[in-house]
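The sequence and structure are shown below.

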Amino acid sequence: MQSWNAPEVPTIEGQGIVPRVHDTASGGLRELSGVGGRVGMYVCGITPYDSTHLGHAATYVAFDTLNRAWRDAGLDVTYVQNVTDVDDPLLERAEDTGVDWRELASSEIEKFRGDMAGLRVIPPAHYVSVVDSVDLVVTAVSEMLRTGSAYVVGDDVYADLAADALVGSIGHLDDAEMDTLFAERGGDPDTPGKRHPRDPLLWRGRREGEPSWPGGDLGEGRPGWHIECAAIARDHLDIPMTVQGGGYDLVYPHHEMSTSHLREVTGRQHPAEAFVHTGLVGYQGHKMSKSRGNLVFVSQLAADGIPADVVRLVLLAQHYRTDWEYSSAQLGAAARRWQRWQDAAHLARDTDESATIAALRAAIADDLNTPAAVAIVDAWAARPGRGRAVIAAVSALLGVEIG
Ligand code: ZN
């Protein structure tokens with residue numbers, strides 16, 4: 001499906017640096033250079049039933065920073081993102097509000113595109129609707145049934161996690177933690193007939209009043225949540241992909257399960273080189289969440305006249321892996337910083353700034369250390385005789401316009 005308009009990304013002088021990024025599975029930093037100059041990144045997309053909040057924005061800006069660093073290092077990036085445009089939360093919201101689920105999804109997807117374009121996030125090469133990918137899911141689930149890594153329960157199909165010895169190797173959680181998170185995050189531990197309470201749904205057979213699609217031998221139905229990302233990643237990326245990414249709350253069960261499914265349908269033990277997860281954003285003392293209602297919407301900040309540069313600077317002032325608490329005071333601080341940078345850019349000259357640009361690149365290559373990068377630009381802005389070349393570097397690497 002259509003993504004959104006790409007921002008201008010200037011090329012900058014000198015040589016970019018291949019980033020080292022924290023991998024949740026191994027717990028260490030990995031240099032992510034892909035294969036033959038090509039890198040592939042899959043970042044889980046939204047379920048389009050509500051507007052983009054700052055927690056989403058923080059995640060997509062973090063992966064945008066990685067994307068920009070890779071491009072600067074001369075790598076060819078294939079970026080894939082799905083949109084979960086049929087799933088229980090969407091159908092429930094549609095039912096509660098009396099809006100057709102397709103209309104709800106398409107209006108929220110349209111808003112998301114506007115929010116991402118407004119924040120100057122480089123769009124994915126493949127922005128993929130699950131509704132458009134049902135055939136891919138049917139193929140994947142049918143393969144899993146054939147190889148014995150899935151089984152039928154009534155009209156539904158479940159993955160048999162016992163078939164995968166590596167499940168659990170991303171999050172390293174114990175049984176009690178997995179039980180809790182599985183039940184909290186969309187799982188159905190109590191469904192009768194399952195071989196294990198944590199086996200995830202792959203295909204939900206048709207139910208009265210729910211949308212469904214032809215599933216061949218599976219019968220009519222709709223995709224489970226985790227298999228959609230496995231099926232879409234397999235179709236659009238070379239496996240192993242370089243990065244599977246998302247918010248930290250996707251580690252379990254979503255990434256653990258989708259990676260297990262991808263193992264089953266590709267035969268690759270390690271379908272992703274690294275699993276990269278962003279910290280959670282809090283507001284008013286709690287993680288931003290739809291259920292709690294403490295959301296700060298990107299579209300509302302834009303409607304209030306806050307420039308994208310200021311929003312990006314709020315996000316970039318935090319390290320992507322750290323949980324943090326948003327407050328409106330951060331908007332003021334970011335606005336003042338942006339103004340200082342613009343004033344500095346206005347008075348910049350044609351002096352050599354290769355050392356500053358090298359330091360900026362090194363900060364970002366060091367596990368996307370954007371707070372350090374921001375401090376480097378602060379120092380540049382405070383220094384007399386500063387050079388103009390930093391303006392393009394700030395645009396290319398941080399997505400912030402100051403010139
Ligand atoms: Zn996903």
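## Space between the domains

Domain 1 (20–287) and domain 2 (298–398) both give residues to the lining of the largest cavity, so this cavity lies between them. The domain bounds come from an automatic or database domain assignment. The model is predicted, so local features need pLDDT of at least 70 and side-chain atom pairs count only at pLDDT 80 or more, whereas totals for chains, interfaces and linings use all residues. Residues are numbered from 1 along each chain as its sequence is written, and side-chain values use heavy atoms, with hydrogens and water left out.

A cavity is defined on a 1 Å grid over the protein atoms alone as a set of points where a 1.4 Å probe fits but cannot get out; lining residues have an atom within 4 Å of a point. Grid points are joined across faces, edges and corners, and a volume is the space filled by probe spheres set on the points. By this rule there are 2 cavities of 30 Å³ or more.

The largest cavity holds about 150 Å³ of space. It has 15 lining residues, of which Ala58, Ala62, Leu315, Gln318 and Tyr320 are the closest to its centre. H1 and helix H9 (308–316) are the elements that give two or more residues to this lining, and H1 has the largest share, 4 residues. Helices (H or I, at least four residues) and strands (E, at least two) are DSSP runs, numbered from the N terminus.

The second largest cavity is lined by Ile17, Ala69, Asp72, Arg361, Ile364, Ala365 and Leu397. Here H1 and helix H11 (354–365) are the elements that give two or more residues, with the largest share, 3 residues, coming from H11.

The table gives volumes and lining classes; Ala, Val, Leu, Ile, Met, Phe, Trp, Tyr, Cys and Pro count as nonpolar, Asp, Glu, Lys and Arg as charged, and the others, Gly among them, as polar.

| Space | Volume | Lining by class |
|---|---|---|
| Largest cavity | about 150 Å³ | 8 nonpolar, 7 polar, no charged residues |
| Second largest cavity | about 30 Å³ | 5 nonpolar, no polar, 2 charged residues |
| Largest pocket | about 1,400 Å³ | 16 nonpolar, 20 polar, 12 charged residues |

## The largest pocket

A pocket, unlike a cavity, is an open set of points with protein on both sides within 12 Å along at least five of seven lines. The largest pocket has a volume of about 1,400 Å³. Its lining comprises 48 residues, and those closest to its centre are Thr47, Tyr49, Pro89, Trp225 and Leu250. Helix H1 (residues 54–72) gives the most to the lining of this pocket, with 4 residues.

The C-alpha centres of domain 1 and domain 2 lie 31 Å apart. Their contact (heavy atoms within 4.5 Å) takes 34 residues from domain 1 and 26 residues from domain 2. The size of an interface is often given as the accessible area lost when the parts come together. Between domain 1 and domain 2 the buried area is about 2,600 Å², with carbon and sulfur atoms giving 59% of it. This area is the accessible area (1.4 Å probe) that two parts lose on being put together, summed over both.

A salt bridge is a side-chain nitrogen of Lys or Arg within 4 Å of a carboxyl oxygen of Asp or Glu. The rule finds 27 salt bridges, and 3 salt bridges across the interface of domain 1 and domain 2. In the pair of Asp64 and Arg312, the closest N and O atoms are 2.8 Å apart.

## Backbone features

Ile239 and Pro240 are joined by a cis peptide bond, with omega of about 5°. Pro240 is placed in the loop between helix H6 (225–236) and strand E10 (241–247). The peptide bond from Tyr252 to Pro253 is also cis, with omega near 0°, and Pro253 lies in helix H7 (residues 251–266). His172, a residue other than glycine, has a positive phi near 50°; its place is in the loop between strand E7 (156–159) and helix H5 (175–184).
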